[in-house]
Structure formats: structure tokens, C-alpha cells
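Please open the model in your viewer and keep the sequence panel beside it. This tour names what to select at each stop and then says what is there.

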Amino acid sequence: MESGEGGMLTDGQWKKLEIATQRNAENLAAVSSSPKSQPLFADLNIKSPTGGKGPVAGFPFRHVRRTHSGKHIRVKKDGAGGKGTWGKLLDTDVDSFLDKNDPNYDSGEGAYDELVDSPVSDPLDDYKKAVVSIIEEYFTTGDVKVAASDLRELGSSEYHPYFTKRLVSMAMDRHDKEKEMASVLLSALYADVILPDQIRDGFIRLLRSVDDLAVDIPDAVNVLALFIARAIVDEILPPVFLARSKKNLPESSKGYQVVVTAEKSYLSAPHHAELVERKWGGSTHTTVEETKKKISEILKEYVENGDVNEACRCIRELGVTFFHHEVVKRALVLAMESQTSEPLVLKLLKEAAEEGLISSSQMVKGFNRVAESLDDLALDIPSAKKLFDSIVPKAISGGWLDDSFKVNGGESSQEEKLRQYKKDTVNIIQEYFLSDDIPELIRSLEDLATPEHNPVFLKKLITLALDKKNREKEMASVLLSSLHVELFSTEDFINGFIMLLESAEDTALDIMDASNELALFLARAVIDDVLAPLNLEDISAKLPPNSTGTETVRSARSLISARHAGERLLRSWGGGSGWIVEDAKDKILKLLEEYETGGVTSEACQCIRDLGMPFFNHEVVKKALVMAMEKKNDGLLNLLEECFGEGLITMNQMTKGFGRVKDSLDDLSLDIPNAKEKFELYVGKAMDNGWILPEFGISDE
């Protein structure tokens with residue numbers, strides 16, 4: 001055991017004890033050799049158990065009451081002894097002390113008092129006692145801000161998983177009001193005071209100890225399941241937490257029952273989020289959407305009456321200090337929408353900053369969110385960027401915005417080009433959502449002639465779709481399949497998803513279910529062959545560990561590995577147009593089978609043309625090559641030759657088809673032993689006839 005742990009003496013105290021013991025031994029020797037010396041206990045006014053006739057071995061602790069056998073004996077209130085004690089103090093009116101002027105004074109004796117007075121404690125024990133007090137006070141007052149401040153001042157942040165566990169376990173044995181309060185507090189502390197990993201570790205500890213909790217709380221399994229479901233709905237626990245926990249818990253344990261109950265009883269029901277949030281009455285809980293609405297109402301009323309103090313009071317009463325960046329963002333947008341209200345808005349933000357109502361970090365975060373959304377704001381407020389650029393210097397000079405926040409005074413031509421590209425792509429995407437015309441969108445992107453910004457287009461497409469209905473989400477996924485290879489490379493898709501996932505936390509501030517929706521987009525891209533499963537590893541490797549982005553990638557993997565994943569993901573947004581790609585694959589397979597059994601080349605080409613999906617012709621190439629290997633019928637390459645000659649299948653599509661077969665050679669070799677040899681022959685023929693890009697041969701080496 002380490003020194004100081006579990007109530008033992010620290011290293012410093014042991015050293016003091018050794019010094020004191022050594023000097024005591026010297027004093028005892030001096031006493032025994034000098035008949036004129038006073039008894040050892042003279043300065044302490046304590047009667048020696050031997051009547052002062054001989055030296056007493058041991059430590060002169062004044063309050064120790066033991067017999068020589070080591071047994072504890074009950075002593076009298078005034079210190080007088082019973083049998084086997086040292087007796088009563090001779091003079092209880094005088095405090096004993098060490099006199100440095102005494103001829104027998106030795107500085108080593110002081111080490112005893114210092115040793116006895118030194119506190120010996122375990123930091124974790126101190127933390128446990130303190131958090132119980134914080135939690136009890138919070139349950140009494142309901143003041144989230146005070147609880148967060150007290151926990152932050154307590155320090156010892158490495159013990160925060162224990163706080164999570166203790167808060168929930170104490171609430172489990174109380175009324176619904178306290179359960180609701182505990183959930184609200186965890187959401188408030190999330191990321192700002194307690195790290196996401198610490199919240200997760202706290203719930204893991206709860207799952208492991210639920211067998212013990214069930215002894216005192218009969219419905220512990222159900223209550224803890226509801227706490228976990230609520231944490232997932234409040235997005236302080238990722239959905240993948242359930243799957244991971246099931247893997248690490250014995251199926252016979254109550255912890256496993258908790259996970260299953262949370263999954264099946266609470267999170268699988270229709271409208272589960274609303275049901276879970278209202279399960280404990282919701283009297284103290286305000287959803288993010290409700291908070292946003294209240295903020296808008298406060299700002300609107302303030303602009304009408306101009307009462308700064310009243311507005312600050314209302315903001316303070318919201319009790320969401322961790323969400324004040326939303327106040328800043330909405331206030332700035334309001335100032336840009338109505339320039340006459342700008343002076344009032346700036347006055348309010350300045351007052352809130354000077355009062356300490358809105359912290360510096362929340363202010364900067366609010367400004368950053370507006371800066372990042374300027375392109376979207378420009379659709380409704382054409383002069384948004386100009387107005388924002390004029391507000392920032394005023395805020396910095398006024399001292400209520402950190403001067404580390406800077407707006408580029410002059411953009412480079414490259415930055416201006418990117419800004420214009422974003423503006424153009426928003427218009428293109430909005431038009432696509434209205435018309436559902438993929439060929440027109442592809443022509444518009446080709447006209448922009450900026451392939452280096454393809455990842456930006458992907459991010460913008462999915463971000464806009466996230467905030468719309470399932471129809472637009474489905475259209476976005478179908479469009480990704482269409483853009484694959486025709487315009488976008490695999491690298492473009494990887495970089496686009498990385499950009500999306502890096503900003504996932506900010507996206508979630510405006511779109512409640514952003515993380516789950518992004519996981520669906522990512523999984524759907526794999527099902528549609530836009531990305532390979534291994535590409536998920538590439539994406540995850542470039543994201544910060546334990547971030548929202550990496551959790552989203554893990555969720556996508558779980559979706560892909562589920563039973564009947566392909567069918568479910570194709571229907572994830574209603575399956576309106578999701579079956580277009582799947583139907584096309586079936587039709588391609590049938591026309592190739594018919595051609596292989598003696599069909600006419602011209603008819604096969606016409607069938608491919610009738611599909612009306614030129615962006616998906618790489619699937620024709622892939623299936624034709626695989627069928628040629630399986631059926632040992634190289635005549636299928638004649639169809640490819642004819643399609644290429646007519647311009648029906650472009651070089652890009654041909655190259656993509658060969659590339660997809662190359663990527664799957666290891667799997668194909670399991671069923672077709674000579675797959676690699678056959679593929680090399682096909683590549684040679686394609687290179688000789690100019691079907692595929694020359695770079696394919698270089699990358700193949």
C-alpha cells in the first residue's frame with residue numbers, strides 16, 4: 001500500500017516519527033543516568049503509572065487509554081482513569097505546553113505534537129464526502145450553476161466518474177423530482193465540467209454495481225435503464241455505449257438486464273425521445289429547442305422595450321450558462337437582420353459580459369458559430385458578412401470580445417474563390433432538392449470547374465440535408481452514388497466525411513440528432529459502394545480520439561454489421577428513391593446473364609442505355625468482369641468493348657469498374673482461385689485498347 005493511502009502515515013510523518021523516537025531514546029538514557037533529572041512526564045503534568053519510581057517505555061500520548069494487555073478501557077469524562085489507566089490530570093486548569101527556557105527542553109519533543117496534529121486522510125475519501133454534500137445541497141436548492149461551481153472548485157477532476165455514479169445512485173433512491181434533477185445536472189456538467197469519458201465511466205461503474213444497488217432499491221434495473229436511456233437522448237452518452245456494455249457484461253448479470261431494458265423498453269419505442277424526457281414529469285427539464293425558443297423571445301422583447309437589466313435577468317433565470325453561446329449567436333443574427341436593433345444588441349452583449357453573465361469563452365464561441373454560418377446567413381441577409389465584419393471590431397474595442405478573435409481584413413484570391421464556391425453550391429443543392437435532376441446538377445458542378453473543392457461540396461450537401469426531411473436525406477445519398485467516380489474520387493468522399501465529422505459537435509448544437517444521422521449517411525455510403533468498409537478506418541484515424549466524430553464512425557460500423565444491414569439502410573429514410581441503385585444492380589445482373597447465354601450485343605447496349613444512369617455504368621463493368629471470371633466466358637469483354645466504342649461507358653466509368661474489381665480480388669479469390677491471373681489478362685486488354693486511364697496501370701504495380 002502506498003504511504004498515505006487508507007489512513008496510514010505519510011512518508012513525511014514516518015520521518016518525523018523516527019526522529020522523535022530516536023531523540024526520546026536519548027532522553028530516556030539521560031533520565032536513567034541522572035538522579036537529579038525530573039521524570040519524563042513532569043512537563044505534561046501526568047502521573048506516572050509507576051508513581052514516578054522508574055522510567056516508562058512507550059509514547060507519551062496524552063489521550064491513550066489502554067491496559068498493559070492492549071485492551072481499550074472506558075475512561076471517565078474528566079479524564080480520571082479506571083483500572084490500568086494513567087490517572088487524572090493533576091491540574092486541569094492549566095494547559096500543558098513545552099517551555100523552550102526549561103533546562104530539560106529538547107526540540108525533538110515538539111515532533112510528537114506535530115506528528116499527532118498532522119491530518120492523515122485519503123484524497124478519494126475527502127472527495128466522496130464533499131460530493132455527497134454538493135449533491136444533497138443541489139437536491140434541496142435545484143441550483144445547477146452553484147453545483148457546477150462547487151464541483152469545479154473542489155478540484156480532483158480525476159474522480160469525476162465517482163461523482164457521476166454517486167449522483168445517479170443517490171437519485172435512484174429518491175422521488176421522480178430528484179431523478180429529473182440528476183439528469184438535468186449531468187447534461188449541464190457534460191463537457192464543461194465533467195469530460196464525456198468520465199460520464200461514460202461513471203455509468204459503467206453503475207452497471208457493475210447494480211447488483212448491490214438492487215438490495216436497497218427493488219426496481220434498480222428499471223430505474224438505471226431509464227437513466228441510461230435519458231443520457232443517450234440527452235446526447236451525453238453515445239448510442240454505441242449499449243452495444244459495448246453488452247459485450248463486457250455477463251448475460252446473467254443485472255447490469256446486462258439494464259442495458260437490454262434501456263434498449264428495448266425505452267429507446268425502441270416510437271417517439272422515444274419525448275417519452276423518455278417526460279418519464280419523470282420533466283418539471284425541471286427544458287429541451288434545447290425550448291431553450292432556443294425562450295432565448296428568441298427574450299431578445300425580441302428586449303429589442304421592443306430596451307430594458308437591459310430585465311433582459312439580463314431573464315437570461316440568468318434560464319440557468320443554462322453552458323448554452324450562452326446560443327444567446328450570443330441569436331443576438332448577432334438579430335442585429336444583422338434588423339440594423340436598427342444593432343446598437344441595442346451590442347449594448348446587451350456588453351452588459352452581459354461586464355456582469356460576468358456571459359463568459360469570455362461563451363462569447364467567443366457564439367461569434368465563431370456566426371462566422372461559420374455566414375454563407376447560409378447570406379441567403380437571407382445578403383450583407384451578412386459585411387455587417388458581421390463591422391460588429392467584430394466594435395466588440396473587441398469595447399473589451400467584451402477577446403482580441404484573439406480576428407476577422408480577416410483582406411481575403412486572398414483563393415479564400416474568395418472558396419467563399420464564392422460555397423455560395424454557388426448552396427444554390428445548386430437547393431435547386432436539386434426541388435427538381436431531383438441529377439444530370440443537371442452534375443453539369444452545374446462541371447461548369448464550376450473546381451474539383452479541388454469536391455469535399456466541401458459533400459460537406460455542404462449533407463449538412464443542408466440534415467436540417468431537412470427524409471426525402472432530401474434520401475436524395476443526398478442517391479446523389480453521392482451518382483457523383484462517385486463520374487466527378488468525385490474516393491479520396492474526395494473520405495476528406496468530405498472527415499470535414500463533416502470534425503464539425504459534428506457544432507452541427508449537433510443546431511440539429512439535435514446530427515450524430516445518428518451522420519452515422520446513417522456514412523453507413524449508407526458503404527452500402528452504396530461509395531466507400532469501402534476499410535475507408536472507415538482511414539476516416540477514424542484522422543479524427544481526434546474519443547471525439548463525437550470517432551463515436552459516429554463506430555456507430556456507422558455497428559449499423560453496417562447488423563443483420564440485413566443493406567435492406568435496412570436503403571430504407572432508413574423511407575426508401576423513397578433508395579431502391580433506385582438496388583434496382584439498377586438487379587437489372588444490370590439480369591441483362592448480363594441474358595447476354596452471356598447468347599444475347600445480342602446491340603440489345604444489351606440498349607438495355608444499359610435505357611437504365612438512364614450513366615453515372616452508375618461502373619457497376620456494369622464490375623459485374624461483367626466478375627461474371628467473365630465465374631463463367632469462364634471472356635466473351636463478356638466484347639460487350640465492354642462495344643459499349644466503350646459507342647461512348648456508352650466512359651473511360652472514367654471503365655477505370656472505376658476495373659478499380660472496384662481490383663479492390664475485391666482477395667474476396668473473389670476465395671471462390672475463383674485464378675481470379676488474379678484472369679484480372680491481369682483483362683487489365684492488359686483494357687490498357688491495349690485504351691479503355692482505362694494510364695494511371696491505373698501505374699497504381700497497379
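Predicted model: local features only at pLDDT ≥ 70, side-chain atom pairs only at ≥ 80, totals over all residues.

Residues are numbered from 1 along each chain as its sequence is written, and side-chain values use heavy atoms, with hydrogens and water left out.

**The whole protein**

Show the protein as a cartoon, and you will be looking at 36 helices and zero strands; helices (H or I, at least four residues) and strands (E, at least two) are DSSP runs, numbered from the N terminus. Of the 701 residues in the protein, 43% are buried, where buried means under 20% relative accessible area, exposed means over 50%, and partly exposed lies in between, with a 1.4 Å probe and protein chains only. Among contacts (heavy atoms within 4.5 Å) between residues at least 6 apart in sequence, 71% join residues at least 24 apart.

**Confidence**

Next, colour by pLDDT, the predictor's confidence in each residue, from 0 to 100. The protein averages 78, and 77% of the residues score at least 70. Residues 1-7 are a stretch where pLDDT stays under 50, and for them the model has ten contacts beyond four places in sequence. Over residues 88-95 the pLDDT is also below 50, and this stretch has eight contacts in the model beyond near neighbours in sequence.

**Leu357 and Cys312**

Select Leu357, which sits in the loop between helix H15 (342-354) and helix H16 (360-372) and is buried, with a relative accessible area of 7%. Leaving aside neighbours within four places in sequence, Leu357 is in contact with Cys312, Ile315, Arg316, His324 and Ala352. His324 is 33 residues from Leu357 in sequence, yet their C-alpha atoms are 8.7 Å apart in space.

For Cys312, the nearest cysteine sulfur, that of Cys314, is 9.4 Å away, and Cys312 counts as buried at 1% relative accessibility. Now select Cys607, which counts as partly exposed because its relative accessibility is 38%; its sulfur is 9.3 Å from the closest cysteine sulfur, in Cys605, which is too far for a bond.

**Ser481**

Select helix H22 (residues 470-483) and find Ser481 within it. Ser481 is buried, with a relative accessible area of 3%, and its side chain makes a polar contact with the side chain of Asp528 at 3.4 Å. A polar contact is a pair of N or O atoms within 3.5 Å; within protein, one must be able to donate a hydrogen and the other to accept it, and residues adjacent in sequence count only if both atoms are side-chain atoms.

**Aromatic rings**

Finally, show the rings of Phe, Tyr and Trp (its six-membered ring), which pair if their centres lie within 6.5 Å, with planes under 30 degrees apart counted as stacked, over 60 as edge-to-face and the rest as tilted. By this rule there are ten aromatic pairs. Tyr138 and Phe139 form a tilted pair, 6.0 Å centre to centre with 40° between the planes, and both residues are buried. The rings of Tyr432 and Phe433 have centres 5.9 Å apart and planes at 40°, so this pair is tilted. End at Tyr127, Tyr159 and Tyr162, which ring pairs link into a cluster.

Key
Disulfide = S-S within 2.5 Å.
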